[in-house]
Amino acid sequence: MTIQDTVNSNIDKLQSMTLSDLYSWAKKNNYDNKLAFSRFKKALNENGINYDAMKREKDLRKENELNSKCNYKTILITDGSAKHDRYAICNENGSPLWHGKFFENDYDYNGEQSTSEFATAKKAIWLASKIKESINEHVIELELRTDAEWLCWANATDGKGGKAKKLKAQANKLNVILNVVHIKGASNPADYYSRTKGFKKWQDNDLMALAKLK
């Protein structure tokens, strides 16, 4: 029985499900791998259920809820270098906060430049969540500055964005409101620390000092 056939035969039940219910149902039927889930969504769509639109609507509700509770923001500048196998995160003044060599399989890093940029951005989101915890707030806004312009697709609201869109989902899970801002490579202070030796632990910072009122 094909995925389309299974969806068609269960459509009355599926039409009454929430987004999380649909995902649980797919997982129960072993459709939670990339190919099968794509076919599952296509079968739903042919029956009038737009899974991706439902997810965008849910994400937008979550982001609006976070915005209504957000009092603080932080600014982090990032750079990842596949050539040097390193990442770096600086504060808005260019001082290093966290830099060093990637670990094996670190945040999906696989030695390519785009994945080094993506992996470093994910580290910045995680660091923003720790800054949030340090000031005992429920949510924080992160202005992530990077010379990797393609990461700005994380800001897309129309369902596009490709891999960069995953950053927004990661941020939402951690109650971080993400806004990616492109800066020129020549003005990116993190470039220096992603290309030189040495390291700095994120724990060696006054995290509270990195948050400011909006």
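Reader: Is Trp-98 buried or exposed?
Author: Trp-98 is buried, with a relative accessible area of 9%. Buried means under 20% relative accessible area, exposed means over 50%, and partly exposed is in between, with a 1.4 Å probe and protein chains only.

Reader: What sort of model is this, and what do the values rest on?
Author: The model is predicted: local features need pLDDT of at least 70 and side-chain atom pairs count only at pLDDT 80 or more, while totals for chains, interfaces and linings use all residues. Residues are numbered from 1 along each chain as its sequence is written, and side-chain values use heavy atoms, with hydrogens and water left out.

Reader: How many aromatic pairs does the structure hold?
Author: There are 11 aromatic pairs. Rings of Phe, Tyr and Trp (its six-membered ring) pair if their centres lie within 6.5 Å; planes under 30 degrees apart are stacked, over 60 edge-to-face, and the rest tilted. Helices (H or I, at least four residues) and strands (E, at least two) are DSSP runs numbered from the N terminus.

Reader: And the accessible area of Phe-37?
Author: Phe-37 has a relative accessible area of 13%, so it is buried. Tyr-51 is buried as well, at 8%.

Reader: What does Trp-98 pair with?
Author: Tyr-87 and Trp-98 form an edge-to-face pair, 5.8 Å centre to centre with 80° between the planes. Tyr-87 belongs to strand β2 (residues 86–91) and Trp-98 to strand β3 (residues 96–101), so the pair ties together parts 11 residues apart in sequence. Tyr-87 is buried, with a relative accessible area of 6%.

Reader: Which residues do ring pairs link into a cluster?
Author: The cluster consists of Tyr-23, Trp-25, Tyr-31, Phe-37, Phe-40 and Tyr-51.

Reader: Back to α5. Which of its residues are buried?
Author: Tyr-51, Glu-63 and Leu-66 are the buried residues of α5. They cover an arc of only 105° around the axis, which puts them on the same side of the helix; the arc is that of the directions from the helix axis to the C-beta atoms.

Reader: What do they pack against?
Author: The buried residues of α5 pack against α3 (19–28), α4 (34–45), α7 (165–173) and β5, where contact means heavy atoms within 4.5 Å.

Reader: How far apart are the end C-alpha atoms of α5?
Author: They are 26 Å apart, which agrees with the 26 Å that its 18 residues (51–68) should span. The expected span is 1.5 Å times one less than the number of residues.

Reader: Different topic. How many residues of β4 are buried?
Author: In β4 (residues 140–146), 6 of the 7 residues are buried, so the strand is largely enclosed by the rest of the structure. Strand β1 (residues 72–81) pairs with β4 in the parallel sense over 6 bridges; two strands pair if DSSP finds at least two bridges between them. Ile-77 stands opposite Arg-145 in β4. Strand β5 (residues 176–182) also runs parallel to β4, with 7 bridges joining them, and Val-176 in β5 is the bridge partner of Ile-140.

Reader: How many residues of α6 are buried?
Author: For α6 the count is 16 of 22, so the helix is mostly covered.
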